[in-house]
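Here is a short report for a reader new to this structure.

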Amino acid sequence: MAVRPARLLWAIPLLLTGCVHSQARPVTARFTESGVEVTITVTAEAVRAAYRPTRAGFHVYSVDLPEGGVRGLGIPTRLSVRGGLTATGRATADKPVRPLDLPSLGVTLRVYPDGPVTVLLPVRRTGRTADIVVSYGACSSGTCLAPVTDHVTTVALG
């Protein structure tokens, strides 16, 4: 019995779905530095970086804090890519920003609530490997840990 091409049309979506899923496997990397565990997850559409302070009462600064902070105070949380990924939009966070008033210094800084925050960066794949670059600073109400600037994690995209 000959198979008619029209009867095979049902298989095309299944084949395409299988191909998409095999290429879209998430890649995960993790490191801990200066009191923050960072978990990076890369998919075909986005890079997610989860910043989790390892001590209670610590927060990280907002992605919209200016480069160099405010009057030199605060380390902006950054997530960028290079190599085999291109950013297609701005980094956004899953937590609301809150003001941190420092009246003795005459400054208000934008920070996330104490605890973890995840930053999402939309991307497009352009190669087989990519560098994920993160920067952050973690502080509590009375202590700041050493900032991490331009930590590079290289990932194979498959």
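Ser-34 is found in the loop between β1 (27-33) and β2. Strands such as these, of at least two residues (E), and helices, of at least four residues (H or I), are DSSP runs, numbered from the N terminus. The model is predicted: local features need pLDDT of at least 70, side-chain atom pairs count only at pLDDT 80 or more, and totals for chains, interfaces and linings use all residues. Residues are numbered from 1 along each chain as its sequence is written, and side-chain values use heavy atoms, with hydrogens and water left out.

## The hairpin and two positive phi angles

Ser-34 is not a glycine, yet its phi is positive, at about 50°. Most residues other than glycine have a negative phi. The hairpin of β1 and β2 has two residues between the strands. Ser-34 is partly exposed, with a relative accessible area of 24%. Here buried means under 20% relative accessible area, exposed means over 50%, and partly exposed lies in between (1.4 Å probe, protein chains only).

How do β1 and β2 pair? They run in the antiparallel sense, over seven bridges. Two strands count as paired if DSSP finds at least two bridges between them. Val-27 has Val-42 in β2 as its bridge partner.

Asp-150 also has a positive phi, of about 55°, although it is not a glycine. Asp-150 lies in strand β11. This residue is exposed, with a relative accessible area of 54%.

## The chain as a whole

The chain has one helix and 11 strands. From the N terminus on, the order is α-β-β-β-β-β-β-β-β-β-β-β. The chain has 158 residues, and 35% of them are buried.

A contact means heavy atoms within 4.5 Å. Take the contacts between residues at least 6 apart in sequence: 64% of them join residues at least 24 apart.

The chain exposes about 9200 Å². Carbon and sulfur atoms supply 58% of that area. Accessible areas come from the Shrake-Rupley method with a 1.4 Å probe; for residues, only the protein chains shown count as cover.

## Salt bridges

Side chains of opposite charge can pair when their charged atoms come close. A salt bridge here is a side-chain nitrogen of Lys or Arg within 4 Å of a carboxyl oxygen of Asp or Glu. By this rule the count is five. The table gives some of them.

| Pair | N to O distance |
|---|---|
| Arg-52 and Glu-37 | 3.3 Å |
| Glu-67 and Arg-78 | 3.1 Å |
| Asp-131 and Arg-82 | 3.2 Å |

Start with the salt bridge of Arg-52 and Glu-37. Arg-52 lies in strand β3 (residues 46-53) and Glu-37 in strand β2 (residues 36-42), so the pair ties together parts that are 15 residues apart in sequence. Arg-52 is partly exposed, with a relative accessible area of 36%.

Next comes the salt bridge of Glu-67 and Arg-78. Glu-67 sits in the loop between β4 (59-60) and β5 (78-87), and Arg-78 in strand β5, so parts 11 residues apart in sequence are tied together. Glu-67 is exposed, at 64% relative accessibility. Arg-78 is partly exposed, at 24%.

Then there is the salt bridge of Asp-131 with Arg-82. This pair links distant parts of the chain: Asp-131 is in strand β9 (residues 117-136) and Arg-82 in strand β5, 49 residues apart. Asp-131 is buried, with a relative accessible area of 18%. Arg-82 is partly exposed, at 43% relative accessibility.

## A buried threonine

Thr-153 is found in strand β11 (residues 148-156). Is Thr-153 buried or exposed? Its relative accessible area is 12%, so Thr-153 is buried. Not counting residues up to four places away in sequence, Thr-153 touches Ala-29, Phe-31, Ile-40, Ala-130, Asp-131 and Ile-132. Asp-131 in this list is also the salt-bridge partner of Arg-82.

## The disulfide

How many disulfides does a search of the whole structure find? The search finds one. A disulfide is a pair of cysteine sulfur atoms within 2.5 Å. The partners are Cys-139 and Cys-144, with sulfur atoms 2.0 Å apart. The torsion about their S-S bond is about 110°, so the disulfide is right-handed. Cys-139 is buried, at 4% relative accessibility, whereas Cys-144 is exposed, at 52%.
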